[in-house]
Amino acid sequence: MSSQNVTSPFPLPPEFYKRYTDENLDKLKRIKEHGIEAFTNAGDTLPQDFDIFDLEPPKPITKGFYRMFDESWPVVDRMCTLEETNLQQLYPKGEIALELKKLNNSVVFNFVELLDILVKDPDRGPDKCEQIKLLLINMKFLLNEYRPHQARETLQLIMKEQIEQRKLATKEIQKRCNELTQTLANLKNSWKNLDVVKMELDDTENSESADIVPESNLF
Amino acid sequence: MQSSFPSSNSQNLVEASSINMDILTQLQDSIDCISRMFFVVVHHLNTPDPSKSKDAQQEYVQDICKKAKQIELLIDALPGINHSEAEQIEILKSLDQELKVANEEYIKAVQDAELLLKQIKETIKIISKDQSLAFSN
């Protein structure tokens with residue numbers, strides 16, 4: 001069965017699943033609640049061929065490297081420096097923009113030299129190519145290092161836009177509220193006037209039903 | 001390869017956050033482009049071609065120079081090229097504060113609006129009740 005695991009394109013799942021019986025899970029639960037001594041004192045036996053705590057999921061690793069899709073990734077993810085990849089770092093730690101421009105000029109200059117060398121002494125050509133390649137790799141590397149900086153800048157833009165939107169929404173709401181408050185106030189006034197007119201009407205009509213709803217109390 | 005030059009140092013968000021239009025990616029593409037140009041030139045010089053016209057040579061030279069200049073301009077247009085990392089963090093902190101204030105004001109405006117809505121509903125209720133009373137008499 002193990003050979004089937006190794007060579008088949010659809011390998012069987014690892015045998016661990018057999019450990020997760022109801023009985024074992026129940027034992028684990030009781031051990032976690034009351035401790036191992038109470039467990040063994042009660043006469044229960046731990047499973048023999050594996051540690052009962054192996055039923056729990058493994059803790060995530062906190063340092064070193066892990067493998068995923070056949071590649072090795074550092075747990076604390078960061079970019080390798082040029083020295084780590086055995087490439088020479090050509091630029092000093094100064095300002096990125098300046099260094100990039102210098103590298104850019106070097107690249108073009110070296111290319112001119114390359115053309116020259118190919119004409120006069122073609123055997124030295126590949127060396128020159130390597131030099132240009134190193135320059136280009138350095139440029140690319142500098143740009144990669146700049147990415148976090150760019151990310152922070154983009155975050156600034158996003159936040160500014162959010163603030164603008166929020167302020168705009170607030171202003172719109174306040175404008176509408178003011179308009180409606182105004183309408184409501186006008187309504188109140190015209191109601192009060194109507195009130196007066198109604199009372200005059202009722203007086204002149206000598207209506208017996210004192211059915212005047214005291215609207216003035218409502219506002 | 002076409003690439004857009006930024007009109008000012010403060011790029012709009014769409015350009016900055018797009019996958020292929022942000023300055024860094026444009027720079028990376030330009031570097032690839034110029035190395036491709038180098039290769040094309042060397043290849044062209046190696047192939048025996050009787051019609052090696054001056055014009056074609058001029059064109060190659062111009063292309064390479066233009067591309068190199070483009071790279072330089074793009075470098076100048078890198079976002080936040082004049083802020084250090086610490087300055088950036090400071091700016092982000094103050095923006096965060098500003099956003100908090102704007103949020104609070106927005107919430108307050110919404111609450112005022114809800115209060116007003118309640119008042120309006122009450123008014124409508126009173127008016128309609130009064131109307132129905134008036135008509136039923």
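1. A polar contact is a pair of N or O atoms within 3.5 Å; within protein, one atom must be able to donate a hydrogen and the other to accept it, and residues adjacent in sequence count only if both atoms are side-chain atoms. By this rule, 14 residue pairs are in polar contact across the interface of chain A and chain B, both residues at pLDDT 80 or more.

2. A word on the model. The structure is predicted: local features need pLDDT of at least 70, side-chain atom pairs count only at pLDDT 80 or more, and totals for chains, interfaces and linings use all residues. Residues are numbered from 1 along each chain as its sequence is written, chains are lettered from A and ligands numbered from 1 in the order in which they are written, and side-chain values use heavy atoms, with hydrogens and water left out.

3. Take chain B by itself. It has four helices and zero strands, in the order α-α-α-α along the sequence. Helices (H or I, at least four residues) and strands (E, at least two) are DSSP runs, numbered from the N terminus.

4. How much of chain B is buried? Of its 137 residues, 31% are buried. Buried means under 20% relative accessible area, exposed means over 50%, and partly exposed is in between (1.4 Å probe, protein chains only). The accessible surface of chain B comes to about 9,000 Å², and 57% of that belongs to carbon and sulfur atoms. These areas come from the Shrake-Rupley method with a 1.4 Å probe; for residues, only the protein chains shown count as cover.

5. Now contacts within chain B. Contact means heavy atoms within 4.5 Å. Among contacts with a separation of 6 or more, 65% are between residues 24 or more positions apart.

6. Next, the interface. The size of an interface is often given as the accessible area lost when the parts come together. Chain A and chain B bury about 4,800 Å² between them, with 73% of it on carbon and sulfur atoms. Buried area here is the accessible area (1.4 Å probe) that two parts lose on being put together, summed over both. The contact takes 50 residues from chain A and 54 from chain B. A:F111, A:L143 and A:R152 supply 11% of the area that chain A buries against chain B, more than any other three residues.

7. Which salt bridges cross between the chains? There are five between chain A and chain B. A salt bridge is a side-chain nitrogen of Lys or Arg within 4 Å of a carboxyl oxygen of Asp or Glu. On the chain A side, α4 (96-120) and α5 (125-205) each supply at least two residues that touch chain B. Helix α5(A) gives the most, with 34 residues.

8. One of these bridges joins A:K140 and B:D32 (2.7 Å, N to O). A:K140 counts as partly exposed, at 24% relative accessibility. B:D32 is also partly exposed, at 34%.

9. Another joins B:D22 and A:R147 (3.1 Å, N to O). B:D22 sits in the loop between α1 (13-17) and α2 of chain B, and A:R147 in helix α5 of chain A. Buried or partly exposed: what is B:D22? B:D22 is buried, with a relative accessible area of 4%, whereas A:R147 is partly exposed at 27%.

10. B:E85 and A:R152 also meet in a salt bridge (3.7 Å, N to O). B:E85 lies in helix α4 (residues 85-136) of chain B and A:R152 in helix α5 of chain A, so this pair joins two chains. B:E85 is partly exposed, with a relative accessible area of 44%.
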